[in-house]
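Grab a pencil and work through these exercises with the model open beside you. Try each task before you read its solution.

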Amino acid sequence: MHWPEDVAARYRAAGYWRGETFGAMLRDLAARYGPRPALISQGARWSYRDLDERADRLAAGLLGLGIGPGDRVVVQLPNVPEFYQVCFALFRLGAWPVFALPAHRTAEISYFCEFTEAAAYVCPDDDHRAFAPDTPALVLGALPEADPVELPEPDPAGVAFLQLSGGSTGLPKLIPRTHDDYIYSFRASAEICGLTPDSVYLCALPAAHNFPMSSPGVFGTLSAGAAAVLAPDPSPSTCLPLIERERVTVTALVPPLALVWLDAAGAGAHDLSSLEVLQVGGAKFSEEAAKRVAPELGCTLQQVFGMAEGLVNYTRLDDPEDVIVSTQGRPISPDDEILIVDDEDRESETGHLLTRGPYTIRGYWRAEEHNKTAFTADGFYRTGDIVRRTPTGYLVVEGRAKDQINRGGDKIAAEEVENHLLAHPAIHDASVVAVPDPYLGERACAYVICRGEAPGRGELRAFLRDRGIAAFKIPDRFEFVDAFPQTAVGKVSKRHLRERT
């Protein structure tokens with residue numbers, strides 16, 4: 001799970017890893033930018049000093065509950081300032097946030113709590129307690145606070161938090177990110193994205209996603225001394241007025257939302273002249289849509305292609321237009337190593353993307369068997385993406401090798417949904433595949449073989465809801481078949497299923 005010591009020493013010598021923790025970073029930011037706005041949300045305006053002091057008080061309160069170094073705490077909160085208060089309080093204690101998404105329900109939350117042996121679950125309201133009834137719940141609005149106490153500094157090379165993978169097999173794998181590697185990634189991102197103390201970042205996507213957290217996201221925004229505006233939802237009706245009122249300079253969207261925003265902005269009801277950069281990532285942005293951003297929003301498009309496991313690529317703000325609209329960028333770091341290989345791991349012009357570097361993990365948490373196939377013996381992470389590299393070093397995403405559906409930036413592991421469907425007494429077998437969609441990029445289609453009479457599609461959707469899975473994972477389509485096409489070795493041919501749609 002750790003970088004080899006000689007590699008870690010090289011990253012430190014290069015200045016990527018500074019030996020700084022999240023807690024120390026915030027302390028330094030509060031000293032430098034004290035009264036300046038850090039977090040803006042629905043009437044609340046927290047300064048850097050406010051955030052620092054609130055994190056201290058919450059850390060003391062959590063310590064009083066017995067939460068300490070190495071404890072895992074599942075965090076499921078909306079886009080509110082308290083999300084970051086909780087994060088920094090846990091960082092100061094040396095406890096590890098486990099970042100759940102707002103859309104997660106019983107199936108996911110109970111798994112995260114059980115698998116991580118969570119000491120607590122931080123949730124928005126009392127209704128959410130039912131998602132993990134065996135884990136002590138800390139509800140937003142009643143978080144424990146106490147007078148600040150002196151706390152030992154955690155190890156900067158140690159795990160800071162656990163993030164969720166967009167994996168293709170069952171429930172998400174957990175990604176251990178260290179203070180050293182993650183702080184480097186968002187600081188370098190903030191520099192690439194041109195953030196200054198005068199920048200204003202709009203967090204429109206769910207705050208726990210890696211993209212609005214660190215690319216450069218809110219953490220990168222704070223590292224630059226800038227202000228982050230937290231939107232309760234990403235709709236243009238919510239966000240366009242926020243851009244006008246708070247003079248937002250940069251924000252980030254997934255492709256389906258970018259298209260909706262483009263249409264809404266065309267109405268001209270809001271002054272968006274402050275917006276300098278629109279980032280689009282989470283899924284591939286079509287070239288034709290990318291060409292619309294500059295003329296219709298009056299800002300620069302920045303394509304972002306990355307993963308919670310590490311590697312992040314950006315088009316640069318001064319790149320030629322053809323590079324910005326037709327590629328997904330190039331890596332953050334000079335020490336991001338890229339391999340593109342065929343199915344036999346031979347170098348290829350177009351193929352599987354493998355990577356290692358100063359902020360790409362060397363293994364998932366408590367997943368020894370999976371790590372044997374997800375990583376090469378010499379530490380390259382197999383991303384599951386199919387890419388090609390341009391002569392100038394930019395990547396163009398051609399597709400996915402993993403059995404995963406990317407539904408407008410929300411990643412769905414086919415195997416997880418299949419397992420839930422197989423629990424239905426009328427279903428003999430199920431195979432979930434991605435189907436093209438002009439709005440979301442991909443939707444989920446479940447091919448189902450039944451025992452006897454097929455259940456209604458509405459019944460299946462209700463069954464899955466009752467199983468407690470996130471709504472975005474419920475298939476958009478159900479197709480009932482007598483048998484699945486097979487490959488030459490007798491496996492289900494998902495390629496042929498996809499071609500049927």
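**Exercise 1. Work out which residues of α10 and α11 meet, and how the two helices cross.**

Step 1: Start with the contacts (heavy atoms within 4.5 Å). On the α10 side you'll find Leu-259, Leu-262, Asp-263 and Ala-265, and they meet Ala-289, Arg-292, Val-293, Glu-296 and Leu-297 of α11. Before going on, note that this is a predicted model, where local features need pLDDT of at least 70 and side-chain atom pairs count only at pLDDT 80 or more, while totals for chains, interfaces and linings use all residues. Residues are numbered from 1 along each chain as its sequence is written, and side-chain values use heavy atoms, with hydrogens and water left out.

Step 2: Sort the contact residues by class. There are six nonpolar, no polar and three charged residues. Here Ala, Val, Leu, Ile, Met, Phe, Trp, Tyr, Cys and Pro count as nonpolar, Asp, Glu, Lys and Arg as charged, and the others, Gly among them, as polar.

Step 3: Now the geometry. The axes of α10 (residues 255-265) and α11 (residues 287-297) come within 10 Å and cross at roughly 35 degrees. Axes are lines fitted to C-alpha atoms, for helices over the stretch in contact, and angles run from 0 to 180 degrees between N-to-C directions. The helices themselves are DSSP runs (H or I, at least four residues), as are strands (E, at least two), numbered from the N terminus.

Step 4: The crossing of α10 past α11 is left-handed, meaning that the near helix is turned anticlockwise from the far one by less than a right angle; clockwise would be right-handed.

**Exercise 2. Track down salt bridges and check how accessible their partners are.**

Step 1: Look for a side-chain nitrogen of Lys or Arg within 4 Å of a carboxyl oxygen of Asp or Glu. Searching the whole structure turns up 36 salt bridges.

Step 2: Take Asp-147 and Arg-57, whose closest N and O atoms are 3.4 Å apart. Asp-147 is in the loop between β6 (137-139) and β7 (159-164) and Arg-57 is in helix α3 (residues 48-64), so their bridge ties together parts 90 residues apart in sequence.

Step 3: Asp-147 is exposed at 59%, while Arg-57 is partly exposed at 31%.

Step 4: Repeat for Arg-443 and Asp-437, which meet at 2.7 Å, N to O. Arg-443 comes out as partly exposed at 25%, and Asp-437 as buried at 15%.

**Exercise 3. Is helix α14 mostly enclosed or open?**

Step 1: List its buried residues: Ala-414, Glu-416, Val-417, Glu-418, His-420 and Leu-421.

Step 2: That's six of the eight residues in α14 (residues 414-421), so the helix is largely enclosed by the rest of the structure.

Definitions and conventions
Buried < 20%, exposed > 50% of the residue type's maximum accessible area, 1.4 Å probe, protein only.
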